[in-house]
Amino acid sequence: MAAAESSFKIILGSSSMARQRILAEMGYEFTIMTADIDEKSIRKEKPEDLVTALAEAKAIAIMARLQHTDILKNVACPTLLITADTVVVYKGTIREKPCNEDEAREFIKGYSGGHAAVVGSVLVTNLNSGASKGGWESAEVYFHDIPNEVIDSLIDEGIPFKVAGGLMLEHPLTLPFVDAVIGATDTVMGLSKSLTEKLIEEALCQPGSSPRVQNMS
């Protein structure tokens, strides 16, 4: 369902360059609006519950902001809002973006020669009908040993502070040390293409309802 053929508009509720790139690769045109919520104020024990709650909170915040704009006025076709969230799970502990250099170094050193799971949610909200469809996927990433100089370079560039778990899979410094990815790479990068496509179709076809969360892993 490429952008040129679509009869709907998309708002991506994320400042993530990786999510923007993935959605563009899917053939969609979109506008960007960020939620600017306090993610640390939302806590859940299970990673799938946390990413689901965060994607929903982002959608609510953006919809509130949209009420004070002209973006949806005089729009004949449906408008879909896409929000998402990702966390890393390492040895049973949920990891979001590291808070400082020491935490970033601890995170990446832990992955070296080991593995971590990634859990990512997607929520598609039809702003016209109110239909909201959500789901989550998971993947595992296995790493070779990561040299200290590579870790230092990543931290110097500020890369760990931009992504959940502190490690950007697609970064040129990181990629050579990825041994294997079990699951979809785009899930690890922040936006599952297959899940997003499925939820877009459901949000367009279904009447208004409360969010329905699906496990696509």
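Leaving aside neighbours within four places in sequence, Ser-192 is in contact (heavy atoms within 4.5 Å) with Val-122, Glu-137, Asp-186 and Thr-187. The model is a predicted one, in which local features need pLDDT of at least 70 and side-chain atom pairs count only at pLDDT 80 or more, whereas totals for chains, interfaces and linings use all residues. Residues are numbered from 1 along each chain as its sequence is written, and side-chain values use heavy atoms, with hydrogens and water left out.

Ser-192 is found in the loop between helix H5 (185-189) and helix H6 (193-205), helices being DSSP runs of H or I with at least four residues and strands runs of E with at least two, numbered from the N terminus. With a relative accessible area of 4%, Ser-192 is buried (buried means under 20% relative accessible area, exposed over 50%, and partly exposed in between, for a 1.4 Å probe and protein chains only).

Aromatic pairs were assigned to rings of Phe, Tyr and Trp (its six-membered ring) with centres within 6.5 Å, planes under 30 degrees apart counting as stacked, over 60 as edge-to-face and the rest as tilted; by this rule the count comes to 3. Tyr-90 and Tyr-111 form an edge-to-face pair, 5.6 Å centre to centre with 85° between the planes. Because Tyr-90 lies in strand E3 (residues 79-90) and Tyr-111 in helix H3 (residues 101-111), this pair ties together parts that are 21 residues apart in sequence. Both Tyr-90 and Tyr-111 are buried. The ring centres of Tyr-111 and Phe-143 are 5.7 Å apart and their planes are at 25°, so this pair is stacked.
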